[in-house]
Amino acid sequence: MPTVCVTGAAGFIGYHLARRLLDLGWEVTGIDNLNDYYDVELKHDRLRLLHPFQKFKFHQLDICDHRELQAIYAKEEFNYTVHLAAQVGIRYSLENPRAYSHNNVAGFLNILECCQLSQCKHLVYASSSSVYGLNAKMPSSVRDHVDHPKSLYAATKRANELMAHVYSHLYGLPTTGLRFFTVYGPWGRPDMAPFLFTKALFDGTPIKAFNHGDLRRDFTFIDDVIDAVVPLIEVIPEPTEDAPCQSPDRSSAPYRIYNVGNQRPVELRYLIELIERYTERKAPCLTAPMQPGDVVATYADVSELAETLGFCPRTSIEDGLRNFVSWYCDHYRPRSELKSKVNRPLRR
């Protein structure tokens, strides 16, 4: 079976991807530095579910340590790499900008070098919907130009796409960038809205809604994301000779970009309403102005992904949030406090 390196394997998407690949019989080597941007124990909990697989190896390693990273690549000879490790969070980039240049730019350069030197068949890496920045056109298409990011995080993700193209052009390294749109679900990140709002409701603390609650996000359930990523690993991009005159998402080099989204934007108010129903709790909502670097709405055009894979997201926000809240209860709440009604069908 194929061998794959998954960076950020203790992260949200990384854990789910590694688990799916292991279930399929792949040999998976996970890399993660287990930093404390959010609860490290949650990362350990994810890893504890991966360690029983005989075909799983794990290295606690910072991708910015190029010598150690190269040593792993030289020893393992990976067929593929899925690079998900990054410093995430738009708001945190306002407080600690150097973490983004260090992890997302210098770290990504090390991944590119390792893949190129080890003749990896395909590098798949995480980009972000945030690269669309000031673009007003909706839905966002990979054929749109993305030259006006609103945050340093977005700028580093756009830099990754440009760096990947250089390696595809100079060395023929096949690269595929995935612009993820607000991924959520079980084992999700504590800094994301579904987790923050659910925790607030159980803790009895106010929910903070930015832009006075007037935000829309293309929330994408984790299972749909993994359904897209897994087959794309073995879809090696081919050069497109007329691409420079045609579209920013492809090239005369073996390079592609895809949106991975649900293509159904949801208002923040509706998200809160659903979580209140599933938790059977109410919490005061504190409104706040728009955060610097944030965007009012995200909305994915996934037509290129549908053309390549036949991809069609299957999970509604209602079903996905019910699934998430149920997991949250199981993982964080004492058994005596569990609400059986969390799993009841939503009344429409």
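1. The side chains of arginine 314 and aspartate 227 form a salt bridge, with 2.7 Å between N and O; the term denotes a side-chain nitrogen of Lys or Arg within 4 Å of a carboxyl oxygen of Asp or Glu. This pair links distant parts of the chain, 87 residues apart: arginine 314 sits in the loop between α10 (303-309) and α11 (317-332), and aspartate 227 in helix α8. Arginine 314 counts as exposed at 64% relative accessibility, where buried means under 20% relative accessible area, exposed over 50%, and partly exposed in between (1.4 Å probe, protein chains only). Helices (H or I, at least four residues) and strands (E, at least two) are DSSP runs, numbered from the N terminus.

2. The model is predicted: local features need pLDDT of at least 70, side-chain atom pairs count only at pLDDT 80 or more, and totals for chains, interfaces and linings use all residues. Residues are numbered from 1 along each chain as its sequence is written, and side-chain values use heavy atoms, with hydrogens and water left out.

3. Aspartate 227 also forms a salt bridge with arginine 20, the closest N and O atoms being 3.0 Å apart. Aspartate 227 belongs to helix α8 (residues 222-233) and arginine 20 to helix α1 (residues 12-23), so the pair ties together parts that are 207 residues apart in sequence. Both ends are partly exposed, aspartate 227 at 25% relative accessibility and arginine 20 at 26%. Shared partners join Arg20, Asp227 and Arg314 into one network of salt bridges.

4. The whole structure contains 18 salt bridges. Among them is the one between glutamate 41 and arginine 48, at 2.4 Å from N to O. Glutamate 41 is partly exposed at 40% relative accessibility, as is arginine 48 at 46%.

5. Helix α1 also packs against helix α2 (residues 40-50): their axes come within 10 Å and cross at roughly 5°. Axes are lines fitted to C-alpha atoms, for helices over the stretch in contact, and angles run from 0 to 180 degrees between N-to-C directions. The helices α1 and α2 are therefore roughly parallel to each other, a label for angles under 35 degrees, while those over 145 count as roughly antiparallel, 65 to 115 as roughly perpendicular and the rest as oblique. From α1, Phe12, Tyr15, Ala18, Arg19 and Leu22 meet Arg46, Leu49 and Leu50 of α2; contact means heavy atoms within 4.5 Å.

6. There are 23 aromatic pairs in the structure. The rings of tyrosine 167 and tyrosine 171 have centres 5.1 Å apart and planes at 50°, so this pair is tilted. Rings of Phe, Tyr and Trp (its six-membered ring) pair if their centres lie within 6.5 Å; planes under 30 degrees apart count as stacked, over 60 as edge-to-face and the rest as tilted. Tyrosine 167 is buried, at 10% relative accessible area, whereas tyrosine 171 is partly exposed at 44%.

7. Ring pairs also link Tyr15, Trp187, Phe195, Phe202, Phe324, Trp327, Tyr328 and Tyr332 into a cluster.

8. Threonine 176, in strand β6 (residues 175-180), is buried at 1% relative accessible area. Beyond neighbours within four places in sequence, threonine 176 is in contact with His122, Leu123, Val124, Tyr125, Pro237, Arg256 and Tyr258.
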